[in-house]
Amino acid sequence: MQSSNSIIDRLTRSTHWACLLATTALASAVVPTQPVLAQSEQEEQPENRVELEADQLTYDPDTGEIRALGNVELSRRGYLLKAGEVLYNESTGEARAVGAVELTTPSGDRIIAPEILLENELKDAFVENIRLIMADGAQAVAASGERIEDTGRTTLRRAAYSPCKVCADGSGKQPLWQLKAVRVVHDKGKRRLYYKDALLEVFGVPVFWTPYFSHPDPTVDRASGLLPLDIQTSQNVGFIAGIPYYHVFSDSIDATFTPVYTSREGFVLKGQYRQHLGSGQFKIDGSITRADRRDFNNLITGGKETRGHISAEGAFLHSPNWRSKININYASDDTYLGRYEISNTDTLVSEYLLEGFFGASYVSSRALAFQGLRLEDIAGKAGFALPLIDAEFIPKFKPLGGTISLRGNALALHRTDGLDTRRLSLIANWQRRWITPKGFVLDVDALARSDVYNLDAANQPDDLAFAGSFGGGTSGSEWRNLARLTGTVSWPLVSYGASGTYTFEPIAEISVSPRRGTPDSIVNEDSRAFELSDLNLFAADRTSGFDLWEEGSRATFGFKWRYEGGDLTTDVLIGQSWRITGQDVVLAEGIGLEGEFSDIVGRTSISYKGWVDLEHRYRLDDKSFAVRRNDVDVTFGDDIKSLRIGYTNLNRNLTFINREDREEIRVSGFYKFDSDWKLTGSWTRRLSGADTPSLVEESGPVQYSVGVEYKNECIELGLRLRETFTRDRDVEPGTSIMFRLKLTNLG
């Protein structure tokens with residue numbers, strides 16, 4: 001026998017112990033065997049050493065057997081082997097670890113077995129009654145297993161796998177689900193697991209068997225295979241079942257193909273293609289089906305028609321200064337997306353944008369196209385912009401201490417059967433801010449602008465409400481020159497109290513613009529959604545586009561008040577405008593700027609302990625104080641429970657299609673009644689409808705949904721019921737049910 005010191009030195013010099021730690025990892029990564037190093041070289045590379053601890057350590061020079069006994073621990077490069085006894089024979093190259101053997105890998109996986117046998121100079125491992133506990137909590141057990149270094153394969157016999165924690169709690173209960181197989185092979189080179197005679201059990205009950213099954217191992221981030229099954233029912237197309245197949249073509253290209261079966265409309269093929277180009281990436285989605293032809297009342301008329309959609313989006317970096325974006329959306333008809341529950345949008349927008357950045361200056365060119373899906377939309381009246389160019393140059397010199405910007409905007413708006421508009425605008429703008437010693441803040445904004453318009457087919461506007469003062473423009477060219485000078489003064493007053501900080505800020509603004517009159521022939525194309533609100537009350541240019549211009553002089557006044565305490569934050573804004581000159585100017589009906597005084601607009605925001613958040617925006621009639629717009633959103637809750645209530649009341653006397661008055665309430669929320677279960681729901685009801693029920697929904701329920709979700713370490717379940725009450729041609733109101741099942745690590 002030799003002393004323990006000489007034995008440790010022999011073990012430290014031997015590379016076989018490195019193999020022991022590597023090869024017993026079975027399905028884990030194997031550390032390559034290092035060449036034999038001189039002791040001095042190993043001292044320079046301590047990571048190659050094997051550290052050995054044991055209660056007793058002996059060596060028999062006659063048999064070449066090394067024996068470590070009692071609380072044996074071997075460690076190297078993050079691998080840790082624990083056993084009651086380790087026997088190693090230098091002559092045969094075999095090693096045996098017995099007695100509660102446990103191997104922990106650098107990734108945190110643990111292999112537990114009563115005994116591990118290693119052969120072929122410790123490169124091949126044979127284990128009985130193996131148990132593998134992975135870092136994420138998933139476990140695998142097998143009657144026996146072997147690891148062959150030359151082939152890079154690990155084979156488990158009579159194996160079972162499950163990520164459910166119940167396997168480890170010692171209760172003996174069946175896991176929620178487990179996958180059993182006569183044989184499981186892990187191919188390290190292919191990074192994939194192969195199962196023979198695989199059986200899926202749920203609560204111990206067999207539910208699915210297949211003679212062959214495979215899936216990627218945990219080291220793979222992306223791998224081809226089936227994704228979770230999508231099952232639902234729909235009032236419009238009946239029972240729906242889709243099986244997505246995900247395929248990886250390369251590190252930068254993948255695709256998903258989903259054949260979908262519907263009991264009423266047959267098969268639908270959906271797909272998605274993604275690619276990364278290094279300097280950009282794009283994604284294409286689409287679907288196609290061959291369905292029964294239907295009329296306006298959703299009655300089958302005979303024959304088949306092809307229906308589908310396509311959408312694409314991408315972003316590309318061409319140089320440090322130039323980039324572009326693309327977004328394409330198209331549907332074969334108005335109701336396809338809604339009938340097949342792909343989307344509930346009512347307008348599809350396609351766009352290509354090229355933009356350049358040069359310090360503080362900017363230039364962009366875009367093409368825009370729209371596809372209206374509403375009943376009242378007429379394809380020939382939908383405009384498309386080709387091109388829309390915007391450029392802004394900000395020089396470095398600052399005249400009078402302010403910032404000057406020069407901007408140009410050009411638009412060519414075309415319609416296949418209607419009005420065409422072309423516009424060129426040139427703008428010069430100067431801005432400066434002063435802060436006085438008393439705390440007054442003065443902002444000055446001066447602007448000069450020239451617009452040139454050219455109109456064709458002006459007598460065929462898409463909407464008479466926006467086509468000039470007389471319900472229709474005049475074809476030909478128009479030119480207008482505009483100027484405006486705006487000064488804004490505010491005085492933030494701050495008070496520090498024991499409970500928090502109070503800020504009161506009165507604001508006054510004067511804006512002067514000459515009365516030159518906008519020609520009646522100019523059509524409002526880009527400012528149709530404009531409405532006075534707290535967001536634009538103190539803006540120098542309150543309209544959202546170029547076509548609508550607020551002439552004359554005005555004064556705007558109001559205040560902001562803010563409180564910030566430990567638990568409570570409150571923010572209030574309220575204000576109004578007074579038209580000094582140009583009281584007869586009517587920009588548009590129902591926007592809040594009619595008459596000498598504008599409507600009163602305001603906003604109140606309250607947040608309490610991060611548990612209550614309230615946002616209230618409103619507009620009041622300046623004479624009667626009647627509510628013209630009232631938007632309230634309040635949220636109660638935290639990560640465990642949440643309730644959101646929204647209320648909208650529009651009373652603007654507008655008759656524009658899709659901008660009619662309405663009153664609506666919305667409720668949504670969730671509740672986690674334990675760590676795994678979550679209940680969700682939403683409800684929307686229209687309290688009052690418009691006077692044109694043929695074009696918009698009347699008062700009554702709009703939709704509600706309720707769902708339950710279950711999620712733990714090994715399974716995700718979801719069930720949702722949704723009821724809709726609105727109708728649009730072949731999109732009928734009704735009930736839909738969606739079911740989702742995902743098994744962790746299997747899809």
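Two rings of Phe, Tyr or Trp, the last taken by its six-membered ring, count as an aromatic pair if their centres lie within 6.5 Å. By that definition the structure, which is a predicted model, holds 18 aromatic pairs. The tour begins with one of them.

**Stop 1: aromatic rings**

Select Phe-357 and Tyr-362. The ring centres of Phe-357 and Tyr-362 are 5.3 Å apart, and the planes meet at 55 degrees, so the pair is classed as tilted. Phe-357 is partly exposed, with a relative accessibility of 34%. Tyr-362 is also partly exposed, at 21%.

Next, select Tyr-671, Phe-673, Trp-677 and Tyr-710, which together form one aromatic cluster. Lys-678 is placed over the face of the Phe-670 ring, 4.5 Å from the ring centre.

**Stop 2: the disulfide**

Select Cys-164 and Cys-714. A disulfide is a covalent bond between the sulfur atoms of two cysteines. The structure holds 1 disulfide, and it joins Cys-164 to Cys-714 with an S to S distance of 2.3 Å. The two cysteines belong to distant parts of the chain, 550 residues apart. Cys-164 sits in the loop between strand 9 (153-162) and strand 10 (177-187), while Cys-714 sits in the loop between strand 39 (700-711) and strand 40 (715-724). A view along the link of Cys-164 and Cys-714 shows a right-handed arrangement, with 90 degrees about the S-S bond. Are these two cysteines, Cys-164 and Cys-714, buried or exposed? Both Cys-164 and Cys-714 are buried.

**Stop 3: a nonpolar patch**

Select Leu-485, Ile-510, Val-512, Phe-557, Trp-578, Ile-580 and Phe-597, and display the surface. These residues form a nonpolar patch on the surface, and together they have about 560 Å² of accessible area. Within the selection, turn to Phe-597, which is found in the loop between strand 32 (568-579) and strand 33 (600-608). The relative accessible area of Phe-597 is 32%, so this residue counts as partly exposed.

**Stop 4: a glycine in a loop**

Select Gly-278, in the loop between strand 18 (266-276) and strand 19 (280-294). Gly-278 has a relative accessibility of 62% and therefore counts as exposed, the cut-off being over 50%. Gly-278 and Ser-252 are 26 residues apart in sequence, and their C-alpha atoms are 8.5 Å apart in space.

**Stop 5: backbone details**

Select Leu-386 and Pro-387 and show the backbone. Which form does the peptide bond from Leu-386 to Pro-387 take? The bond is cis, with omega near 0 degrees. Pro-387 belongs to strand 24 (residues 384-393).

Move on to Glu-341, in the loop between helix 4 (336-339) and strand 22 (347-358). Although Glu-341 is not a glycine, its phi is positive, at about 55 degrees. The relative accessibility of Glu-341 is 29%, so it counts as partly exposed.

Finally, select Lys-609, in the loop between strand 33 and strand 34 (612-620). Lys-609 is a residue other than glycine with a positive phi, near 55 degrees. Why does Lys-609 count as exposed? Its relative accessible area is 51%, and exposed means over 50%.

Notes. Residues are numbered from 1 along each chain as its sequence is written. This is a predicted model: local features need pLDDT of at least 70, side-chain atom pairs count only at pLDDT 80 or more; totals for chains, interfaces and linings use all residues. Side-chain values use heavy atoms; hydrogens and water are left out. A disulfide is a pair of cysteine sulfur atoms within 2.5 Å. Helices (H or I, at least four residues) and strands (E, at least two) are DSSP runs, numbered from the N terminus. Buried means under 20% relative accessible area, exposed over 50%, partly exposed in between (1.4 Å probe, protein chains only). Patches are made of residues with over 30% relative accessible area and no salt bridge: like charges are joined within 9 Å, nonpolar side chains (Val, Leu, Ile, Met, Phe, Trp, Tyr) within 5 Å. Accessible areas come from the Shrake-Rupley method with a 1.4 Å probe; for residues, only the protein chains shown count as cover. A salt bridge is a side-chain nitrogen of Lys or Arg within 4 Å of a carboxyl oxygen of Asp or Glu. Rings of Phe, Tyr and Trp (its six-membered ring) pair if their centres lie within 6.5 Å; planes under 30 degrees apart count as stacked, over 60 as edge-to-face and the rest as tilted. A charge sits over a ring if NZ of Lys or CZ of Arg is within 6 Å of the ring centre and within 35 degrees of the ring normal.
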